[in-house]
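Me: I'd like to learn how to read a structure like this one, feature by feature. Could we walk through it together?

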Amino acid sequence: SIAFIDSVRTLDLYGDAKVFYEDLNNSSEHITIDLNRNTISSLGKLDSLGKLIGTPEFKQGSSDYKAVKITYNYVTKKGFLKEFKTKEGEGFVKGTNVKRDPENNFYIDGAYYTTCDAEHPHFYIGSSKIKVVPGKKLITGPANFVIEGIQTPLFLPFGIFPLKRGQQ
């Protein structure tokens, strides 16, 4: 269903909502387009059992991102994602609060990087801040190696990890 509120210039899409804009493809259970702020916001909803369904999926070019909430400014090309998860290179990146700049770089708070594909990874490199340059590299601030949820004494003051296959 669709609801347009003229007084605040917002358009709400419910159900299996999809928005296509240039090379952007956004789908979710609920999408709000705010014409005053030039933003597209999407979020899922809780089903009768309390499970989150219809979580937002954000595709741009060959990149695919999932999050609990996504807000994207289609004029400035900046975005904000909540509870973000994506595959980068041969690994996975997950974080709580994510900002996306117009060059498609991601700045992630409360993040980790792992090559383990389990929902709750067996090992990862955790950091309070990670920058991802998609398809190129991942840069961490102070980081700690975690195995089975237990922090190890292996500490890195910073880390730079290539995201391309082959020799680096």
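Predicted model: local features only at pLDDT ≥ 70, side-chain atom pairs only at ≥ 80, totals over all residues.

Me: Where does Asn144 sit, and what does its side chain reach?

Reply: Helices (H or I, at least four residues) and strands (E, at least two) are DSSP runs, numbered from the N terminus. Asn144 belongs to strand S15, residues 143–147. For the side chain, think polar contact: a pair of N or O atoms within 3.5 Å; within protein, one must be able to donate a hydrogen and the other to accept it, and residues adjacent in sequence count only if both atoms are side-chain atoms. Here the Asn144 side chain reaches the backbone oxygen of Thr152 at 2.9 Å.

Me: Which residues is Asn144 in contact with, leaving aside its neighbours within four places in sequence?

Reply: Contact means heavy atoms within 4.5 Å. With those neighbours left aside, Asn144 is in contact with Tyr124, Ile125, Gly126, Gln151, Thr152, Leu154 and Phe155.

Me: How do I read the charges of the chain?

Reply: Lys and Arg count as positive and Asp and Glu as negative, while His and the chain ends are not counted. Each charge is placed at NZ of Lys, CZ of Arg, CG of Asp or CD of Glu. On that count the chain has 22 positive and 19 negative side chains, and the centres of the two sets lie 4 Å apart.

Me: On to strand pairing. How many bridges join S1 to S2?

Reply: Two strands pair if DSSP finds at least two bridges between them. S1 (residues 2–5) and S2 (residues 10–21) run antiparallel, joined by 4 bridges, with Ile5 opposite Thr10. Their hairpin has 4 residues between the strands, and Arg9 there takes a positive phi near 55 degrees. Next, 10 bridges join S2 to S3 (residues 24–34), again in an antiparallel arrangement, and Leu11 has Ile33 as its bridge partner in S3. The S2 and S3 hairpin has 2 residues between the strands, with Glu22 at a positive phi near 50 degrees.

Me: What do S11, S12 and S13 look like in those terms?

Reply: S11 (residues 91–100) and S12 (residues 106–114) pair antiparallel over 7 bridges, and Lys94 stands opposite Tyr112 in S12. S12 also pairs antiparallel with S13 (residues 123–133), over 7 bridges; there Asp109 has Lys129 as its bridge partner.

Me: Which residue in the turn between S11 and S12 has a positive phi?

Reply: That's Asn104, at about 75 degrees, in a hairpin with 5 residues between the strands. Asn104 is not a glycine, yet has that positive phi. Asn104 counts as buried because its relative accessibility is 17%. Compare Glu148, in the loop between S15 and S16 (150–156). Glu148 has a positive phi near 50 degrees and is likewise a residue other than glycine, but Glu148 counts as exposed because its relative accessibility is 54%.

Me: Why does Thr39 count as buried?

Reply: Because its relative accessibility is 13%. Thr39 lies in strand S4 (residues 39–43). Leaving aside neighbours within four places in sequence, its contacts include Thr32, Ile33, Thr71 and Tyr72.

Me: And which strand holds Gly79?

Reply: Gly79 is in S10 (residues 79–88). At 12% relative accessibility, Gly79 counts as buried. Beyond neighbours within four places in sequence, Gly79 is in contact with Thr71, Tyr72, Val98, Lys99 and Arg100.

Definitions and conventions:
Residues numbered from 1 in each chain as written. Heavy atoms only, no water. Buried < 20%, exposed > 50% of the residue type's maximum accessible area, 1.4 Å probe, protein only.
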